[in-house]
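Work through the exercises below with the sequence and coordinates at hand. Each task is followed by a solution in steps.

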Amino acid sequence: LTVQDTVTITDDPSSTTVCEGQDATFSVTANGEAPLDYQWYTDASGSWSSINGATSDSYMVTDVSTSDAGDYRVEVSNSCGTKTSAAAPLTVNDTIEVESQPVSQTGCEGSDITFSATVSGDVNGYQWETDAGGSWSDISGATNTDLTLNDISNSDEGSYRLKIDGVCANKTTNAVTLTVQDTVTITDDPSSTTVCEGQDAT
């Protein structure tokens, strides 16, 4: 009597998180009567389907895109039967794209202006900075995609840009300028004048 070992999976594939464009690898450890046959599956398309050519104890998803996100599992078979591993999720983080850049602004002294940017991708946070003080520095509290400056003055004049802290990589928008125009000031009012009839008054 020859007793053959059934398939046992000792190490399931692990969940994996990668950035778009990177590679992701899943692997399984299984024991049982040789030969062992492997077939990987994914539900990235919405339902479970076999992956063509994925027939070893590991599977690499190359140049990952968001369409590859989903669960992955493997079936291991021998002459005694088949065992299915636990499903391991693949999470794909989007790279940052600046969809629209901020634009330069001109405003009158005392007015309000707003700089805006549109960003896509997986982002940890935002920080606006300016060189209005002579060198680039963070603007306190300016931590979203819009920056509003109230009651602007000549000291606000300079360049502004948005730093984006991405999950996969960081990015900075184009630098744009704020030009502050002086409001009208009257430095000398007309003076009262007294003349005799027939004379000129200026």
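**Exercise 1. Classify the cysteines C80 and C108 by accessibility.**

Solution. C80 has 35% relative accessibility and therefore counts as partly exposed. The classes are buried for under 20% relative accessible area, exposed for over 50%, and partly exposed in between, with a 1.4 Å probe and protein chains only. C108, at a relative accessible area of 39%, is also partly exposed.

The model is predicted: local features need pLDDT of at least 70, side-chain atom pairs count only at pLDDT 80 or more, and totals for chains, interfaces and linings use all residues. Numbering starts from 1 along each chain as its sequence is written, and side-chain values use heavy atoms, with hydrogens and water left out.

**Exercise 2. Find the disulfides and describe their geometry and place.**

Solution. Step one is the search: over the whole structure it returns one disulfide, defined as a pair of cysteine sulfur atoms within 2.5 Å. Step two identifies the partners, C19 and C168, whose sulfur atoms are 2.1 Å apart. The link joins distant parts of the chain, 149 residues apart: C19 sits in strand β2 (residues 16–19), and C168 in the loop between β18 and β19 (171–172). Strands are DSSP runs of E with at least two residues, and helices are runs of H or I with at least four, both numbered from the N terminus. Step three is the torsion: -105° about the S-S bond makes the link of C19 and C168 left-handed. Step four is accessibility: C19 is buried because its relative accessible area is 12%, whereas C168, at 24%, counts as partly exposed.

**Exercise 3. Describe the surroundings of S159.**

Solution. S159 belongs to strand β18, which covers residues 158–166. Its relative accessibility is 17%, so S159 counts as buried. Leaving out residues up to four places away in sequence, S159 touches E129, T130, D131, W136, V176 and T177; contact means heavy atoms within 4.5 Å.
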